[in-house]
Amino acid sequence: MDNQKIFVTRSSMPPYEEYIEAIKPLWDSHWITNMGQYHQELEQKLKDYLDVQQISLMVNGHMALELTIQAMGFPKGAEVITTPFTFISTTHAIVRNHLKPVFCDVKPSDGTIDETKLEGLITERTVAVVPVHVYGNVCNVEEIERIADKYNLKVIYDAAHAFGVTYKGKGIGSYGDASVFSFHATKVFNTIEGGAAVFSGQWLYDKLYNLKNFGIRNEELVSEVGANAKMNEFCAIMGLCNLIHVGEAIGHRKALAREYEERLKDVHGIRMFEKKTDAESNYGYFPILVEEEYPLSRDGLYERMKKKGIYVRKYFYPLTADQRCFENRFERTKLDCARELAEKVLVLPLYESLSIQEIKRSTEIIEG
Ligand SMILES: *Cc1c(COP(=O)(O)O)cnc(C)c1O
């Protein structure tokens with residue numbers, strides 16, 4: 001079927017019977033949210049899977065990031081160094097906390113924050129760094145830690161793309177003061193909507209518990225002002241079911257990514273990001289860069305693929321720093337490399353149930 005539409009992603013779902021069977025007990029207990037049994041069970045299982053000490057489940061990845069930043073208690077107007085080459089959520093989470101994003105350029109090799117440019121952006125108002133493991137590409141965590149320690153900054157990783165990624169044999173969420181995952185339907189592992197913050201200290205667990213549950217400590221005591229960002233039991237059960245299959249799904253993605261690599265590695269003008277050799281990827285995305293030497297522009301290739309029913313995406317264009325909502329609000333920094341990547345990048349379809357035949361359809365268009 002050569003005209004069927006192919007989208008960039010397709011949500012992973014467990015076998016229907018498996019989920020239906022798993023949610024049945026909810027009709028006995030009628031306990032469908034408020035940190036129920038399955039919320040607790042998923043926290044335990046994810047702690048193991050992600051190889052982290054503490055986890056707090058949330059209603060989505062954005063609230064996990066927004067509340068984790070809030071939990072740090074930074075003074076209003078303080079500066080947070082971050083990357084503009086990301087989904088808008090990263091920047092929104094900083095701005096919605098009344099903090100000022102200071103955009104740092106990224107590296108052409110893998111799209112992560114350019115750690116060599118961090119120190120030049122630090123002022124006496126800087127309180128934190130929010131880097132992103134974009135496409136699951138691992139940031140230079142050692143150098144970021146060294147700089148953060150030197151200037152006494154917090155590091156909160158947006159690890160929304162990095163579920164299951166390991167670096168030097170450790171879960172990616174074990175780096176920094178905290179990391180945040182997204183379990184949105186489009187991510188490698190989903191709870192329909194959902195997310196989590198991971199970290200090591202008990203104090204942050206308690207703080208986030210308050211922030212995600214109105215600050216309620218018991219029937220009569222509200223100890224602080226909090227929002228509502230709890231994960232419900234239907235979502236937690238979706239997570240428990242998907243978690244059973246996620247290892248296999250990542251294996252499948254890996255084989256598909258290899259297929260793309262093989263077919264595209266010799267195409268003139270198409271470049272792929274570098275991966276760290278000591279990192280294990282989750283193959284969440286397959287971004288390519290359409291370089292000058294390619295016969296079409298990035299937008300030209302985007303249109304050609306769309307005409308043939310393949311809906312590739314310009315992730316991440318425009319840069320978050322260039323979005324209308326931030327126009328004239330923040331100081332402009334030099335973002336030459338990030339802008340260039342944003343102009344060149346296309347994310348190709350990649351999901352568990354994609355077929356080799358469908359990959360061929362895409363790569364044949366790219367080969368021209
Ligand atoms: C998906 C995503 C988020 C937000 O996660 P949601 O679960 O959709 O709220 C944040 N940052 C990045 C980089 C993302 O891709």
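How far is an oxygen atom of the ligand from a polar backbone atom of G61? That distance is 2.8 Å, and some notes on the rest follow.

1. Ground rules. This is a predicted model, where local features need pLDDT of at least 70, side-chain atom pairs count only at pLDDT 80 or more, and totals for chains, interfaces and linings use all residues. Residues are numbered from 1 along each chain as its sequence is written, and side-chain values use heavy atoms, with hydrogens and water left out.

2. The ligand site. There are 14 residues around the ligand, and G61, D158, H161, S182 and K187 come nearest; a residue is near a molecule or strand if one of its heavy atoms lies within 4 Å of it. Besides the G61 backbone pair at 2.8 Å, an oxygen atom of the ligand sits 2.7 Å from an N or O atom in the side chain of H161. For the K187 side chain, the distance from an N or O atom to a ligand oxygen is 3.2 Å. On its own the ligand has 380 Å² of accessible area, and the protein covers 91% of that. Areas here come from the Shrake-Rupley method with a 1.4 Å probe; for residues, only the protein chains shown count as cover.

3. Helix α5. Take residues 88–95: 6 of the 8 residues in this helix are buried, namely S89, T90, T91, A93, I94 and V95. Buried means under 20% relative accessible area, exposed over 50%, and partly exposed in between (1.4 Å probe, protein chains only). Helices (H or I, at least four residues) and strands (E, at least two) are DSSP runs, numbered from the N terminus.

4. E66. You'll find this one in helix α4. E66 counts as buried because its relative accessibility is 8%. Leaving out residues up to four places away in sequence, E66 touches A93, R96 and N97; contact means heavy atoms within 4.5 Å.

5. Salt bridges. The whole structure has 28 of them, each being a side-chain nitrogen of Lys or Arg within 4 Å of a carboxyl oxygen of Asp or Glu. One pairs E41 with K45, with 3.4 Å between the closest N and O atoms. Both residues are in helix α3 (residues 37–50), 4 residues apart, or about one turn of the helix. E41 is partly exposed at 29% relative accessible area, and K45 is partly exposed at 40%. Now look at K107 and E115, whose side chains meet at 3.0 Å, N to O: K107 and E115 are both buried.

6. A charged network. E79, K100, E124, R125 and E331 are linked by salt bridges. Within it, R125 pairs with E124, the closest N and O atoms being 3.6 Å apart. R125 is partly exposed, at 42% relative accessibility, whereas E124 is exposed at 72%.

7. A nonpolar patch. F214, I216 and V222 make up a nonpolar patch on the surface, with about 250 Å² of accessible area together. Patches are made of residues with over 30% relative accessible area and no salt bridge: like charges are joined within 9 Å, nonpolar side chains (Val, Leu, Ile, Met, Phe, Trp, Tyr) within 5 Å. V222 belongs to strand β12 (residues 221–222) and counts as exposed, with 54% relative accessibility.

Technical notes. Polar contact = N/O pair within 3.5 Å; in protein donor to acceptor, adjacent residues only side chain to side chain.
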